[in-house]
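Please look over the sequence and the model shown here before reading the report that follows.

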Amino acid sequence: MLQIGRLYEFDFIPMGIFPRFISRVLRLPFFKHKDIWRNAILLSHTTLPITALLHYDPISYCVSIFVRFFESVASTHSSESPGSVLRLLLEILETVIECYYPRLRESTKRLVPCSHCYRVRTNISLDSMLKREAAGDASAPPPAA
């Protein structure tokens with residue numbers, strides 16, 4: 001099983017951001033909710049073995065989005081691939097931030113969980129990853145100290 005995701009760290013988090021995010025996600029036709037908690041929701045894809053966990057931590061002001069799938073689904077080149085599902089969930093959250101909370105746009109940290117450092121739980125800034133890629137350095141990032 002493989003997992004991809006993003007973490008959003010906020011300086012503060014408005015009370016309505018997660019419910020607005022969830023209400024938009026629940027309108028997606030190809031997802032059904034498996035479990036709903038106060039601060040999280042587990043979704044499953046209606047046709048593919050893809051699950052998504054959306055979690056809000058009110059103490060650390062963090063929203064996490066994780067998509068899990070099998071390797072056989074990873075090679076799918078369609079609009080329903082795991083990468084496309086993650087991209088759609090990210091676009092929904094970004095839209096909520098931009099439309100309802102524009103002041104959070106610049107101060108929000110967007111982090112990518114490192115697939116090489118999974119056991120250490122290292123998170124890398126999305127901006128630094130994009131800069132490294134632009135510079136031609138696609139190697140694994142150094143683990144956190």
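## Terms and overall make-up

Helices, which need at least four residues, and strands, which need at least two, are taken here as DSSP runs and numbered from the N terminus. The model is a predicted one, and its secondary structure consists of five helices and seven strands. Read from the N terminus, these elements follow one another in the order β-α-β-β-β-β-α-α-α-β-β-α.

## Surface and contacts of the whole protein

The protein has 145 residues, of which 37% count as buried, and it exposes about 9000 Å², with carbon and sulfur atoms supplying 55% of that area. Among the contacts in the protein with a separation of 6 or more, 54% are made by residues 24 or more positions apart.

## Ser44 in strand β3

Strand β3 covers residues 40–45 and includes Ser44. Ser44 counts as buried because its relative accessibility is 9%, and buried means under 20% relative accessible area.

When the neighbours within four places in sequence are left aside, Ser44 is in contact with Phe30, Phe31, Lys32, Lys34, Ile50 and Thr51.

## Glu94 in helix α3

Helix α3 spans residues 82–100, and Glu94 has its place there. With a relative accessible area of 18%, Glu94 is buried. Apart from its neighbours within four places in sequence, Glu94 is in contact with Tyr8 and Arg110.

Definitions and conventions
Residues numbered from 1 in each chain as written. Predicted model: local features only at pLDDT ≥ 70, side-chain atom pairs only at ≥ 80, totals over all residues. Heavy atoms only, no water. Buried < 20%, exposed > 50% of the residue type's maximum accessible area, 1.4 Å probe, protein only. Contact = heavy atoms within 4.5 Å. Areas by Shrake-Rupley, 256 points an atom, 1.4 Å probe, with all protein chains shown as cover.
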